[in-house]
Amino acid sequence: MRVSFQSLERHVDLSGVTPTQVSELLPMLGLEVDSVTTFGLQPIEHLVVGEIRSFEKHPKADRLSVCQVDTGDGVLRQIVCGAKNFKANDRVPVALPGAILPGNFEIKSSKLRDVDSHGMLCSAAELGLPAGEDGLLILTARAPALGTPLHKLFPSPDVVLEVAVTANRGDCLGLRGVAREIAASLGRPLKPLEARAPSGTTDKPSSKDAFGFVKSTSKTCPYYTLRTLRDVKVGPSPDWMRRDLEAAGLRAVNNVVDITNWVMLQTGQPLHAFDAAKVKGGIEVRSARAGETLTLLDGRVLTLDANTCVIADEARPLVLAGVMGGVESGVATTTTDVILESAWFIPGEVRRIARQYTLATDSSQRFARDVDPAGVDLAARLAADLLIEHAGARVVGPAVVVGKAPRSDRTIKLPNGFVAAKLGTPAPEEHVSAVLRRIGFTVHATNTGLEVTVPSFRSDVDRPIDLVEEYIRIHGTAQVPVGRPLAPLPGEEESPAASFVHEVALRLAGAGFSECYHYSLCDAAEVTRVLDEKSSAQLALQNPLTADQTHLRASLIPGLARALQLNLSLHAEPRQLFEVGAVFRPMADGQVRECLSIGFVVLTEAPRRSWKTREPFDLFSAKRLLTGIATAAGIANTRLTWSDVPGGLWQEGHAATLADRGRAAEGACGLLDLRWTRTLDIRGSVIAGEILLPRATFTSARKSARFEAFSSFPPVTRDIALVVPTSTGAGDVAERLRQAAAKAVGKDIAVEAVTCFDVFSGEGLAPNTRSLAFEITLRHSTRTLTDTEVTAALEQVAAAAAKAGWTVRR
Amino acid sequence: MQSQLDSALKEAADAAGQIRTRAELEALKARLVGPNGSLTLIMRGMATLSKEERPAAGKMVNATKAQLDEILATVSARVEQAELAALLGPTVDPSLASPDVAPGSLHPLTRTRERILATFRKLGFVIAEGPEVETEWHCFDALNTPADHPARDMQDTFYLPKSFRSIDALRKGDEDLLLRTHTSSVQVRTMLSRKPPLRIVAPGRCFRRDAVDATHSANFHQVEGLWVDRHVTLADLRGVLDFFVKETFGPEAETRLRPSFFPFTEPSFEMDIRSPNLGRLSDRWLEVLGCGLVDPKVLESCGLDATEWSGLAFGLGLERIAMLVHGIDDIRHFYANDLRFLRQFA
């Protein structure tokens, strides 16, 4: 809200207080000041009214004019001007040489394209005034004397604060509310605000009223008042009122409309004036009938629905309730009788209606923040007083009131010691009383505590805790002492996921990976690269904002691949990137699981040549990283199963998936689909890896590892080579051999390792077979193994292999 | 005998200079001290000497043997040096750059998060977490933000379709699911799952339906703090947050609590800081976080008796803190993933 310093002074004495002080005071009361600007015109020397006696086109520039200007001192000055909006004998602001315009811009005599120019003709913007039409500020209509210092034509300079009012402080959408805060803080009284016109007393119009009936059949409006004012002379409003409106950013229209707006600015209560001649029968506040139309003051035509509250006469809707008036029933120059409306609407309903029709008005903004029900009557009476004074109006009879104020003053019991207990520092009850009285609360001390009566304008203060806020706000938050933090609480368990996330990030950064952060939202194409169409559709948002962020991401890999692409194009030499974050995966039953994902990508070829070449990062490097990460997450290697990938992001036959079915963890690693990475302008190949950990992985704190005793006797190793079908995984063969060995040796002998050390296919082997060689390591727990028992065990392993259909090579 | 010894010694000394390999060394040793070596034969010859002659002869032999050993040791050392040199290859140029991948880096938001979490851990706060897809109830209703509150405007919040079902955020009724707009939802989840007293900080990603510009991002990160106990006061709030500010921005940083409004705290404040060490943002008040005492309605929503328990809560933006600490002027840098940016915070 725009708060002008001069307007504030109508409500509180600000002598000795500067606008700067006010702008520093308000934020500490909870009213943020977004900007401080000047309004009106500062006196500027050598800036006067002049008349353009004649002008002609500049000989060397089509867009410039050469003007002969009279500023009343008996000489004609030649001034070159670029504007187009003037005619001969127009009066305009003239900045003569020596004038210093806003922005420290000094005017000097000069030549413009070889033509002498002795000053500048000014636009509104160049003078720091609100910009009107393009071009010069034409003053002709005001008929000022030539040579008049320009600032004499404008209001005295003022300072306007743009104040951001929080959602709970509807009372501060009126100047009086802001002034009340300042007055309380300065310890000064508010100036009185009283109306002479009578309050409403009846619920039926009399024969003198300009309307036959009033009723509200809408829940949106529990309290509605109307007054008739006759013999209104519509015309311009007084200068001081126009000034206040313009300072607040409103346009002056006519005295009737200006008065309703001016009263709204002071009190925060929006008012509406109908031209009585255009109201048929009477006024009803009702729900719109579906399909009814209403043409608003701004020319928009609304087609209404039944959830919309309107003010209507017997024939048609006139006003979108609480939001904006209609063009048909508004006050015009021909108006003689006015019906003045003042009402209270349910805040949430006004917000909803304004949003539904995408209209945010001064009125809807205030009703939506909950105006003061007591102000409904006061504002209408203030407006009536002003209409009598400035529009010659005559009040007929009392106001007609339908319904009643939804809220009045209320009393809160504030127990002794409550404020001090919340502050953590003493707050004597007498002091609390004194502070609360400064913001207009009434306080009555009892033996057990204070009885605080909160006026109706404070919709946000209901409970003792709300009074604590009021006390510390006005007393000053600097009075809150700095407490000493307590010692930690023992035995509190920390989220295991949090420490895991940090550990993994450190591990990958240590391995030469740079951490990336991508948006969690992506487009449909990116999800379908990871999931099938049906699953992808499950990750769509209901109300996306932009076409490139319509879905929840299902994988970190597409983002990381794009980061490789971007950094290659930037010549930033990307090589190894990673990211840690949430991804979303639909499950077979249709539910969506939020997983913690760790993903990484590696460009296998360095973007820059080097004096020495290293072994490239491959699928097995990725596999080692992933198994390390799984271990850190509490998933043992032995739980992981590895298999071929079905495609998607990955290059078939050159990548693998992993799964831990028990914990529903999943992942993959290997070569990214080459056709895809080529479309990203990545020439080399990209090895990537990703592991998805469901929240359940981290539901329990990790157990401490338990020590297991180990043998002090030496191990024995034996080799076994097998010819197996190419389609049989070496991992599966190793597992089979391990099981066979374990069965053969019994429980005192450990099968410590079954390691594949040679893979061979080709010459000497049948097609679709390959040779795998394993080293088996055995160790006895209590003695040295004998050659005989090891040989016997290996015979059984060989037998098991043969049984599996594999040829043992001897 | 002396002449025999001298000739053996001379043979050794002459040969020593020629020896390049261990095999040549072993051959020389064999010629001198092997079973048929010249020195071995001389020593055998001593058996023919008389008892009187032996001590002097022994002395001569020992002296010669010592000299021989010395020669052989020198040669052996030289051979070993040559062998190692062959094994090691040419010497390295340590001024060459490492051909390995460049060092990795942690994202500045990760670093900022961990620094903030470390600060609050010192004060006995533990880390808690909640899902990014959240129910309206956890994100709004339980936090005293009723259905017609402006913060629940569709304009500001990403919603998921009615058909969306999340295993991590189970609906209480038929409310909508949304992308959480703040980490304050973790307050609710914590109070529902644990008994007070409790002190938690919840880092996490949040979403607002905002057009992206220098200060707005479709997703951003917060760290939420909650302390629930008997008699938690505003003085405690200042104590905790002043400590945080001084740990993060240095002991010179000043703080102030500026009254504000959040539905879930009462009273509510924004905390501003002013520090001489913030570059062009030095020496002016800057908003860094929102805070307050937990609104009694929030405690009651979570099943806590608001006359017995009280709490303080705060929420700060990771991006905001990282931008202040590192002098970053545009929030979009955090999500652009330009390595020239990321490597600056390695």
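Predicted model: local features only at pLDDT ≥ 70, side-chain atom pairs only at ≥ 80, totals over all residues.

Reader: What covers the buried residues of H18(A)?

Author: Start with who needs covering: A:Val733, A:Ala734, A:Leu737, A:Ala740, A:Ala741, A:Ala744 and A:Val745 are buried in H18(A). The cover over these buried residues includes strands S37 (716-725), S38 (749-760) and S39 (769-780), plus helix H19 (787-803), of chain A.

Reader: Within what arc do the buried residues of H18(A) fall, seen down its axis?

Author: An α-helix has 3.6 residues a turn, so residues three or four places apart point the same way. In H18(A), A:Val733, A:Leu737, A:Ala740 and A:Ala744 are among the buried ones, while A:Gly731, A:Asp732 and A:Lys743 are exposed on the other side. The buried residues line one face of the helix, because seen down the axis of H18(A) they fall within an arc of 130°.

Reader: Is A:Ala801 buried or exposed?

Author: A:Ala801 sits in helix H19 of chain A. Leaving out residues up to four places away in sequence, A:Ala801 touches A:Leu722, A:Leu737, A:Trp806 and A:Val808. Buried means under 20% relative accessible area. A:Ala801 has 1% relative accessibility, so A:Ala801 counts as buried.

Reader: Over in chain B, which residues make the nonpolar surface patch of about 360 Å²?

Author: One member lies in helix H4 (residues 54-88) of chain B: B:Leu87. B:Leu87 counts as exposed because its relative accessibility is 69%. The patch is made by B:Leu84, B:Leu87 and B:Leu88.

Note on methods: Residues numbered from 1 in each chain as written. Chains lettered and ligands numbered in written order. Heavy atoms only, no water. Patch = residues over 30% accessible without salt bridge, like charges linked within 9 Å, V, L, I, M, F, W, Y side chains within 5 Å. Areas by Shrake-Rupley, 256 points an atom, 1.4 Å probe, with all protein chains shown as cover. Salt bridge = Lys/Arg side-chain N within 4 Å of Asp/Glu carboxyl O. Helix = DSSP H or I, 4+ residues; strand = E, 2+ residues; numbered from the N terminus. Buried < 20%, exposed > 50% of the residue type's maximum accessible area, 1.4 Å probe, protein only. Arc of directions from axis to C-beta. Contact = heavy atoms within 4.5 Å.
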